[in-house]
Amino acid sequence: MADPFEPKMTAFVCNWCTYAGADLTGTSRIKYQSNVRVIRLPCTGRIDFMLVMKAFSRGSDGVIISGCHPNDCHYTSGNYHARRRWMVFRDLLDFMGIDLRRVTFSWVSAAEGAKWAELVNDATNTVRALGPYKEVQQLAAVGIE
Amino acid sequence: MSERYTITETSVGSFLQAMTASGRRVLGPKLVAGRIEIADINTFADVVQNGQSVVSAKGVVFPKVERLLKYRFEGKNIALEDVEPQAQPTVLFGLRPCEARAFHALDVVFNWDSKDKFFNTRMANTTVVGLSCTQADESCFCTSLGSRPDDTQGSDILLSPLKAGGFVAEVLTDKGKALVALAKDTFQPLADDAALVPPATVAPAFDAKALQQELAAMFDSPLWAEQSLRCLGCGACAFVCPTCVCFDIQDEADTKQGQRLRAWDSCGMRIFTLHASGHNPRDKQSQRWRQRVYHKFAYYPERLGTLGCVGCGKCSRACPVDMNLKQHLAQVAEAASQG
Amino acid sequence: MEALQNKAKELLAASAVKVVIGYGKGTGESRRPIFVRAAERAGDLVVDTACTQNLATYLTKAEVRALGRIAIVAIPSTLRSILQLAAEKQLREENVLALAIVDGGVRELATFDAIEEAVATIPDAIGEADQKMIDKLTAMSVGERRAFWADELGRCVKCYACRSSCPMCYCERCTMDCNRPQWIPVASHAIGNLEYHMVRAMHLAGRCVECGTCGAACPVGIPVHLLTFFAEQTVRRQFGQKGGASAKLDYAMSTFKPDDKETFIR
Amino acid sequence: MSRVGVFICHCGENIAGTVDVAAVAKAALDMPGVVHAVEYKYMCSDPGQTMLKDAIRDKKLDGVVVAACSPRMHEPTFRRTAEEGGINPYQCEMANLREHCSWVHEKGEPTTAKAVDLVRIQVEKVKRNHPLKPIRVPITKKALVLGGGIAGIQAALDIANTGSPVLLVEKSPSIGGHMSQLSETFPTLDCSQCILTPRMVEVARHPNITLYTYSELEKLEGFIGNFKATIRKKARKIDEKLCNGCGVCQQKCPVKKIPDQFNEGLSNRAAIYVPFPQAVPNKPVIDLANCTYYKTGKCKACEKLCPTKAIRFDQEDQIEVHDVGAVVLATGYKTMPVGNFSEYGYGKYKDVIDGMKFERLASASGPTGGAIKRPSDGKTPETIVFIACAGSRDRLKGVPYCSKICCMYTAKHAMLYQHKVHGGKATIFYMDIRAAGKNYDEFVRRAVEEDGVKYVRGRVSRVYEDNGQLVVKGVDTLLGGEQLEIRADMVVLATAVQAQDGAEELAQTLHVSYDPYRFFAEAHPKLRPVETNTAGIFLAGACQAPRDIPETVAQASGAAVKVAGLFSQPELTREPIIAVVDRQPPPVFSHCVGCFLCKSACPYQAIEEESIKNRNGDVLKVVAKVNPGLCQGCGTCVSTCRTKAIDLQGFSNEQVFAELMSI
């Protein structure tokens, strides 16, 4: 019998809030699913929109993007710029046929260890229910002879 | 000596069925969403008999993206996986004679020094059924290159429409014979009074042979800058061209595996010749435009004994800013004659 | 048309400009960009409904700039391009003169302020057919949209006619051309095409002047302009900012409001 | 080809208990570029670090991945170790096997698999790391203190006493702030001015302090160690050098009926005035809005009668620009405006006043010379009601937070009242008594036990007038919610403490963050309480949150120490994690096209324009340049750049891309 599907989750998080929050999840020993791989960046402002698409192209089934709450940005406004970027890019992804249920945006502060665990579990469960992101993954073979 | 038959339009239908039945993929000029594309031909009605497809049929033997090899990272070692070109037997049906001739221009490059396995396999599996043009447009200039709208060169079979309907089928090669053999009875012997629809008239705009000589003296002409001022430096001309053969080799890899791809490229683009240092020997659009003309009309004949152009005019039609190759070449010829 | 030809003649004769970029007769019934550099050639200029290409693309081309001060025959989107290029420091007021085609006549717009005024009177609306198509697409299911674009982009050969014809794609090195890292695959396979057109749309969000020249340029008829139109509309809807409205930079994607309203961040 | 070493830490059982560290080491050895992989019980221990250093030398490593705890924990440690080992510290990365793996996942194969991935990600990253050098910036050893209250005074004095010059900027005509208005201070009941005035004078006399009263900060540019402050000295219309503060002008000024802010409107002042007798500097200022000359063009009485001829009607505001290395924000607080308390009749009834008015009534230097007289008729109130939490802890009509100081000062007020009005009856309506602090609770007990102040636990619903007397309607929740009405001669509201007006604008000028109530935000609520998120700008006192005097002074000294610490360094060294715009050999020069869309994206105004010129000085290209002193390394510009001409050191496009590709 084949193994049950385990989604590949990629997360892009800022160093000061969400990464620290995820550290707190650890220090609080709160358990969550191990599917996620975290890429740490200084700020959500640093997260290039293409990284999200690239993650899918590379076979991620789901993507998580998280940073500081509005007003909490370590760099005062990086997350505001990021928010705008996502407000547009998200619409564009949808317009081009990318399934937004596979992209989770969140603010997780350095104090919200529990929220991080919850976030990862929710996103992972959603994507697990959706199944592998075949629609994009199989594109890799299309257009090459 | 070629065999000549006639075939009615209805029999063409059964001929096509025979090809498909034999496991061949049949492609040809077909109207798709208002554009002529090289697409699957199921019935004779699918075949557009005049007018040029936007993109050439080149992709059948030289795909826009082609996998050359694959590899996997196994620990620190790399496991190579050679890729065999999968080439389904293909018939290009109702192709314009100019496009049929174009395969030769590709062949001389892919078999110049090394023999390209991928191209040759695909070519070997491709049979070309040409169809003489009875119409042409302002961009056509096959006649300026010593060819004709009913040129047989490059076709395995050439169909030419009869006034009375149906076609004369001129079977030119063994490949052609093999194809005919699939449905021998659909072909009738050629009647003596069979009258052909006159081929399209394409007035010669210049003489390619003379042009080749003239170009030798025109390298520094201001004309190139003049003509290319409106050129945007995109690759539309090259990518629709049936003879453009430039390609780029790209590795796409992650930490687990990779593949090596061959993809179309174009000398019209700035980064085509951009060096890592930042220096670019063809930094100006005029230099790139000149290169395009010289490559097709001087370097090809010099080095490969054939023109790098068949006069189909696809480039002119595809150009977003109407760079009309025929007009430009005529202009060059004229400038040359004035010395 | 005479008005334009006379204006061009006058400007060139007085060498107030060195070149007039305009439309001329092309192959068959088509129109093509022409560069009139002598008063006596002003007669080559054509103005009619077939003149739809945004010529502003040439304003940033080194070869064209080298000719000297430019007068450019401008349709509305050309005027917007001039403002956006100015806002992005790609254009100086003294180097360009707009010959705006307004209801048959020609208006000489020598300053960015004048162009701003003119642009302010132009409604934002894009072509009806394009708007219909965007609405149709947005009404589709996400799966249908994916299929639509997979089919359309499947024809893309990465000739970059869209990029080359776009007045805002003036970058000397496009993201596509970056190979350390190779952000976007060079090859025109499905992923390469999807990613390329996604990046282009994002880079034009808040900068697109909605001329549709990219779509018109595509040799294989992919409606790529719908992507940039959509991105631009998204920006306008959410932030009320738009490309090509002013010569002073107001770029939605590098500014923000603390109270920008979204509904999806948990 | 890189030579990467991977060092996997057991962290005792913390990692090894859940992750099969041996398997991770084995997998790591298989990764391209990895030439060395070991596991050890405690990598951060001395032997662990020595092991790392030796390996760098023996195995000629050019990159190091330490797979242990969070980089936020030990990255500095291991980068230092790597440096001691002989490679650039920024050639060391950490894989977070503890917080992000062993502590949050169950023991098992998937968890070990994740650990391997986390290591691979960092291996791929470190292969693309470049040696980086810390950034060094000079420091201007002069401080700017904004606000001349006790916080600003304390900070200024402490900094000045370390030998560094200080600019103290106060927007009102005199320093002293709220504290100078207070009568006596809890819990010691010593006279506020008696302890404050000497400090004010010390400030005025201190050789290292330049005092800017009646002045405001217009603009602050630059960055830590290198700020440029633009200060507006508003025109007092007085030549301060000539004026000797004799006071003749205020006596002779014909306009006398202007409500005196210092006395909270309980008395009047002239149009030319010194805010209060002990003001520093003791120089008057002309109130343009009320001066007859400025209204009608006539009068000039003060000018005629000034013995030193110091009046200058034509005096203009002056703008001064100063280089400073650090800024202390001490702009204080305000109390909640009257409008909010209609149910208490504030503003409607003269004898319903707020705490600050009461301070002035109780103050020996106040309008009544310290006698408690009610504003309406000057009668001594026999019964008085104090209402605590007027606006505080009130989500509906006020602010949700506790204003902190009210419990104490209300007790003090009641106490002072009892001392001054013998036989008077003082009642306090309160929610809770918050008297945490040295001798605070004792103080409150004293009010109850020795001075007989009556504490009623309950809210006041309404204050109204019933034939000439105030009636306070409230409830005593400790007596089973019994309704009670008190006929009072005077009511005092302990109004909520709020952020100073203009706090938001100031925060934006200085690029410091602030909370939803417009109090300035500290960099860390516990560990960095006097720092802001903007390097070089520090906090003191009630501009950060409601504070009492002892806390304010302590925090001010804390801020001063931070400034002194900064100034004690010869120059500033900063993490080289900053954005850089590429430079290329000619003819490219830079991939930047000079669109400068990055400029507005930068939160720190760090993007500058640079003209690339040829030998003849003709401009070939104008491109972006990042000021390394200003850049904090957020990378927002990097993801805004279409040509990818900007990159972020330490989190470069190549590194991030490689990380993604390795997942």
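Helices here are DSSP runs of H or I with at least four residues, and strands are runs of E with at least two, both numbered from the N terminus. Counted that way, chain D of this predicted model has 19 helices and 34 strands.

Let's start with chain D as a whole. Its C-alpha atoms fill a box of roughly 90 × 75 × 40 Å along the principal axes. Of its 663 residues, 52% count as buried. Looking at contacts with a separation of 6 or more, 69% come from residues 24 or more positions apart.

Now for a pair of helices. The axes of α2(D), residues 21-29, and α6(D), residues 109-126, come within 9 Å and cross at roughly 40°. That angle is why α2(D) counts as oblique to α6(D). The crossing is right-handed. On the α2(D) side you'll find Ala23(D), Val24(D), Ala27(D) and Ala28(D), which meet Thr112(D), Ala115(D), Val116(D) and Val119(D) of α6(D). Sorted by class, this contact has 7 nonpolar residues, 1 polar one and no charged ones.

Next, an open sheet in chain D: 3 strands, ordered β24-β25-β26, with antiparallel pairing. On average, neighbouring strands are turned by 20° against each other, ignoring direction. The edge strands, each pairing on one side only, are listed here.

| Edge strand | Residues |
|---|---|
| β24 (chain D) | 460-466 |
| β26 (chain D) | 482-488 |

Strand β25 of chain D covers residues 469-476 and pairs with β26(D) in the antiparallel sense over 7 bridges. Have a look at Lys473(D), too: it stands opposite Glu485(D) in β26(D).

Technical notes. Residues are numbered from 1 along each chain as its sequence is written. Chains are lettered from A and ligands numbered from 1 in the order in which they are written. This is a predicted model: local features need pLDDT of at least 70, side-chain atom pairs count only at pLDDT 80 or more; totals for chains, interfaces and linings use all residues. Axes are lines fitted to C-alpha atoms, for helices over the stretch in contact, and angles run from 0 to 180 degrees between N-to-C directions. Angles under 35 degrees count as roughly parallel, over 145 as roughly antiparallel, 65 to 115 as roughly perpendicular and the rest as oblique. A crossing is left-handed if the near helix is turned anticlockwise from the far one by less than a right angle, and right-handed if clockwise. Two residues are in contact if their C-beta atoms, placed from the backbone, lie within 7 Å. Ala, Val, Leu, Ile, Met, Phe, Trp, Tyr, Cys and Pro count as nonpolar, Asp, Glu, Lys and Arg as charged, and the others, Gly among them, as polar. A residue is buried if 20 or more other C-beta atoms lie within 10 Å of its own, exposed if 12 or fewer, and partly exposed in between; C-beta atoms are placed from the backbone. Two strands pair if DSSP finds at least two bridges between them.
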